[in-house]
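Dear colleague,

I am handing over the structure that we spoke about, and it is shown just below. My notes on what was found follow after it.

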Amino acid sequence: MQADREDVAMKETRRRERVSGEVLENPDSDIGLCGWVLVGFSLLLMLVTLPISIWLCIKIVKEYERAIIFRLGRIVRGGAKGPGLFFILPCTDSFINVDMRTITFDIPPQEVLTKDSVTVSVDGVVYYRVQNATLAVANITNADAATRLLAQTTLRNVLGTKNLAEILSDREEIAHSMQSTLDDATDDWGIKVERVEIKDVKLPLQLQRAMAAEAEASREARAKVIAAEGEMNASRALKEASLVIAESPSALQLRYLQTLNTIAAEKNSTIIFPLPMEMMRGFMKQ
């Protein structure tokens, strides 16, 4: 069901974009009688001044650009022109070049108050491109500046709904949420937001010290637990060893000899040799 709703929303967005583009590219209203008279005079002027005027009428746009032509202030039928050569009329036509390449910009560090009342400084980077040159020119004054400002406010709004742990661990999810929000908001401007990335999350110095102390205390607690478990396992092993030695008195003597061998290997000058208590009892009886 969720996937179906997302598909319907995407289709509706595409339909609105297509309808908006058709309305702009095919205006219903004509330029009027006076407009056609001016266009006629412009054509006549071009013919009179040939071949000099040809250099003013032929324009070139690069492979990554599109040209929006205005005739007496109205967008001409056919929408964006290019790449390559296109023709304009002197005096009545003007055009605007739109760059269709992917544009990147850094989001300045934003002071954000998280859901758990922690102040952090977060910055990021946005990748976007112009998808519909006609909408980018006709629907907004400056699409680049508007996208930059919208990215800053979107970053603050999205991070304001997250706590500190989510911001530090779920950067990919936050970036995807920002990308979806920006893409939906810039559809009417002919902008396609391709990618958003969170660059850095800066914490206050006092909070960094507190988190470091918390992590150190947690590590010490785990170390004490591990040491206690080791002591318990060692005591169980010693208990089992004592039971084995109690069953065979000769095993204790073998352990003495092994200990002496270990001491002798260390080149010690003094060796304490333990004697069995049975030998001492024999001397005491005499």
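Helices (H or I, at least four residues) and strands (E, at least two) are, in these notes, DSSP runs numbered from the N terminus. Please keep in mind that this is a predicted model, in which local features need pLDDT of at least 70 and side-chain atom pairs count only at pLDDT 80 or more, whereas totals for chains, interfaces and linings use all residues. Residues are numbered from 1 along each chain as its sequence is written, and side-chain values use heavy atoms, with hydrogens and water left out.

Taking a contact as heavy atoms within 4.5 Å, residues 24 or more positions apart account for 68% of the contacts with a separation of 6 or more.

Next, the interior. A nonpolar core is here a set of buried Ala, Val, Leu, Ile, Met, Phe, Trp, Tyr and Cys residues joined through side-chain atoms within 4.5 Å. The largest such core has 35 residues, of which Val120 and Val126 touch the most other members. At least two residues of this core come from each of β2 (65-71), β6 (103-113), β7 (119-130), α4 (133-138), α5 (143-159), α6 (164-169), α7 (171-185) and β8 (191-202), and α5 gives the most, with six residues. Apart from this core lies another, of six residues, which include Val61, Ile69, Val76 and Ile88. As for Val120, leaving aside residues up to four places away in sequence, the residues that it touches include Gln110, Val112, Leu164, Ile167 and Val201.

Asp93, in strand β5 (residues 93-99), may interest you, since it is a buried residue with a relative accessible area of 11%. A polar atom of the Asp93 side chain lies 2.9 Å from the backbone nitrogen of Leu89. The side chains of Asp93 and Thr92 are joined by a polar contact of 3.3 Å, a term that stands for a pair of N or O atoms within 3.5 Å; within protein, one must be able to donate a hydrogen and the other to accept it, and residues adjacent in sequence count only if both atoms are side-chain atoms. Beyond residues up to four places away in sequence, Asp93 touches Ile69, Phe70, Arg71 and Ile88.

Some backbone details also deserve a look. The peptide bond from Leu50 to Pro51 is cis, with omega near 0°, and Pro51 is found in the loop between α2 and α3 (54-57). Another cis peptide bond, with omega about 0°, joins Gly82 and Pro83, and Pro83 is found in the loop between β3 (74-75) and β4 (84-87). Leu72, in the loop between β2 and β3, has a positive phi of about 55° although it is not a glycine, and it counts as partly exposed at 33% relative accessibility. Cys91, in the loop between β4 and β5, is likewise not a glycine and has a positive phi of about 75°; at 71% relative accessibility, Cys91 counts as exposed.

With best wishes

Technical notes
Buried means under 20% relative accessible area, exposed over 50%, partly exposed in between (1.4 Å probe, protein chains only).
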